[in-house]
Amino acid sequence: MTAAYQFAAEHPEILSYVPCFCGCERAGHQGNHDCFVKSRAENGDVIAWDEHGVDCAVCIDVATRSRQMHAAGATVTDIRAAIDREFGSRVPGGGTMHTPHPAH
């Protein structure tokens, strides 16, 4: 879990682009990044953490898989495609329920 929060803090350019599939879009989350980081200072430093990611296995799994792929050299586009394939098939609606992450 700590690694997921650290990755979110250090790589918003990845986790903001990667969707989450736990239903957190109902809480206003826009991507997996929002499951861990609530707000940032103007300079990008995290000033408030979101506690949602602490108890959500889907959020942690998405961040962990993204972190592993990033460490292996995958592009953000490849990471997003892999997350869509892997986690989209696990949710009701065939993966249509996820955060409204931005297009790349």
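The buried residues of α3 are covered by elements that include α1, α2 and α4, where contact means heavy atoms within 4.5 Å and buried means under 20% relative accessible area, with exposed over 50% and partly exposed in between (1.4 Å probe, protein chains only). In α3, the buried positions are Cys 59, Ile 60, Val 62, Ala 63, Ser 66 and Met 69. The description rests on a predicted model, in which local features need pLDDT of at least 70 and side-chain atom pairs count only at pLDDT 80 or more, while totals for chains, interfaces and linings use all residues. Residues are numbered from 1 along each chain as its sequence is written, and side-chain values use heavy atoms, with hydrogens and water left out.

Helices (H or I, at least four residues) and strands (E, at least two) are DSSP runs, numbered from the N terminus. By this assignment the protein chain holds four helices and two strands, in the order α-α-β-β-α-α from the N terminus on. Of its 104 residues, 40% count as buried. The accessible surface comes to about 5,500 Å², and carbon and sulfur atoms supply 52% of that surface; these areas come from the Shrake-Rupley method with a 1.4 Å probe, and for residues only the protein chains shown count as cover. Among contacts in the protein chain with a separation of 6 or more, 61% join residues 24 or more positions apart.

The helices can then be taken in turn. After α3 comes Gly 73, with a positive phi near 95°. Helix α4 has 13 residues and reaches 17 Å from its first C-alpha to its last, close to the 18 Å expected at 1.5 Å a residue. Its buried residues are Val 76, Ile 79, Arg 80, Ala 82, Ile 83, Phe 87 and Gly 88, and the buried residues of α4 pack against α2 and α3.

Attention now turns to the interior. A nonpolar core is a set of buried Ala, Val, Leu, Ile, Met, Phe, Trp, Tyr and Cys residues joined through side-chain atoms within 4.5 Å. The largest such core has 25 residues, and those with the most contacts inside it are Ile 14, Leu 15, Val 18, Phe 36 and Ile 83. Two or more residues of this core come from each of α1 (2–10), α2 (12–15), α3 (57–71) and α4 (76–88).

One salt bridge (a side-chain nitrogen of Lys or Arg within 4 Å of a carboxyl oxygen of Asp or Glu) is found in a search of the whole structure. In this salt bridge, the side chains of Arg 65 and Glu 86 meet at 3.0 Å, N to O. Arg 65 lies in helix α3 and Glu 86 in helix α4, so the pair ties together parts that are 21 residues apart in sequence. Arg 65 is partly exposed, with a relative accessible area of 30%, and Glu 86 is likewise partly exposed, at 29%.

The disulfide count is zero, a disulfide being a pair of cysteine sulfur atoms within 2.5 Å. The cysteine sulfur closest to that of Cys 20 belongs to Cys 59, at 3.6 Å, too far for a bond. For Cys 24, the closest cysteine sulfur is in Cys 35, also at 3.6 Å and too far for a bond. Cys 20 is buried, with a relative accessible area of 0%, and Cys 24 is buried at 3%.

Two further residues round out the picture. His 11 sits in the loop between α1 and α2 and counts as buried at 18% relative accessibility. Its C-alpha atom is separated by 9.6 Å from that of His 70, 59 residues apart along the chain. Asp 84, in helix α4, is partly exposed at 30% relative accessibility. The C-alpha atoms of Asp 84 and Pro 19 are separated by 7.5 Å, although these residues are 65 residues apart along the chain. Neighbours within four places in sequence aside, Asp 84 is in contact with Pro 19, Phe 21 and Ser 89.

Terms used:
The expected span of a helix is 1.5 Å times one less than its number of residues.
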